[in-house]
Amino acid sequence: MQLTAARQQTGTTTAPTRTGGRDADGMAVASFVLGLLGLLVLNLFLGPIAIVLAAVALKRGTTRRGRAFLGLGLGVADLVVLAALMQSTDTISWSF
């Protein structure tokens, strides 16, 4: 008589992790913060970075869509403020 062990399946099914979603959420928050900060300083650099981060976060399907859209809007506002101040002072930099 031959004894055989029954195969047991281990119930280790795991839910797929959404590291891309967490990264996209971080990008949405970063775009909002950089866009807000860009209204005060370095709007030539921070505005485009905020726009790119918001676009990538939206493309990756962030759950924080509101912050991504705010970051996108603030990034565009950074560039608009820079353009308006450049026109009024005839320089690339501006000060209060």
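1. Let's start with how the chain folds back on itself: residues 24 or more positions apart account for 69% of the contacts with a separation of 6 or more. Contact here means heavy atoms within 4.5 Å. Please keep in mind that this is a predicted model, in which local features need pLDDT of at least 70, side-chain atom pairs count only at pLDDT 80 or more, and totals for chains, interfaces and linings use all residues. Residues are numbered from 1 along each chain as its sequence is written, and side-chain values use heavy atoms, with hydrogens and water left out.

2. Now the overall plan. The chain has 3 helices and 0 strands, and its elements run α-α-α from the N terminus on. Helices (H or I, at least four residues) and strands (E, at least two) are DSSP runs, numbered from the N terminus.

3. How much is covered, and how much is open? Of the 96 residues of the chain, 23% count as buried. Buried means under 20% relative accessible area, exposed means over 50%, and partly exposed lies in between (1.4 Å probe, protein chains only). The accessible surface of the chain comes to about 7100 Å², and 64% of that belongs to carbon and sulfur atoms. Accessible areas come from the Shrake-Rupley method with a 1.4 Å probe; for residues, only the protein chains shown count as cover.

4. Next, have a look at the loop between helix H1 (19-38) and H2, where you will find leucine 42. Leucine 42 is not a glycine, yet its phi is positive, at about 50°. Leucine 42 counts as exposed because its relative accessible area is 53%.

5. Leu42 also belongs to a nonpolar surface patch of about 660 Å², together with Leu37, Leu40, Val41, Leu44, Phe45 and Ile49. Like charges are joined within 9 Å, and nonpolar side chains (Val, Leu, Ile, Met, Phe, Trp, Tyr) within 5 Å. Helix H2 (residues 43-59) gives the largest share of this patch, 3 residues. Leucine 44 lies in H2 and is partly exposed, with a relative accessible area of 43%.

6. Asparagine 43 is in helix H2 as well, but asparagine 43 counts as buried because its relative accessibility is 4%. Alanine 77, in helix H3, is 34 residues from asparagine 43 in sequence and 9.1 Å away in space, C-alpha to C-alpha. Alanine 77 is partly exposed, at 26% relative accessible area.

7. Where does threonine 62 sit, and what does it touch? Threonine 62 is in the loop between H2 and helix H3 (65-89), and its 6% relative accessibility is why it counts as buried. Leaving aside neighbours within four places in sequence, threonine 62 is in contact with Ala24, Asp25, Ala28, Ala57 and Ala68. Its side chain also reaches the backbone nitrogen of arginine 64 at 3.1 Å.

8. Finally, helix H3. Its 25 residues should span 36 Å at 1.5 Å a residue, and this agrees with its end C-alpha atoms, which are 36 Å apart. The expected span is 1.5 Å times one less than the number of residues. Ala68, Gly71, Leu74, Gly75, Asp78 and Leu82 are buried in H3. After H3 comes aspartate 90, with a positive phi near 60°.

Notes. Patches are made of residues with over 30% relative accessible area and no salt bridge: like charges are joined within 9 Å, nonpolar side chains (Val, Leu, Ile, Met, Phe, Trp, Tyr) within 5 Å. A salt bridge is a side-chain nitrogen of Lys or Arg within 4 Å of a carboxyl oxygen of Asp or Glu. A polar contact is a pair of N or O atoms within 3.5 Å; within protein, one must be able to donate a hydrogen and the other to accept it, and residues adjacent in sequence count only if both atoms are side-chain atoms.
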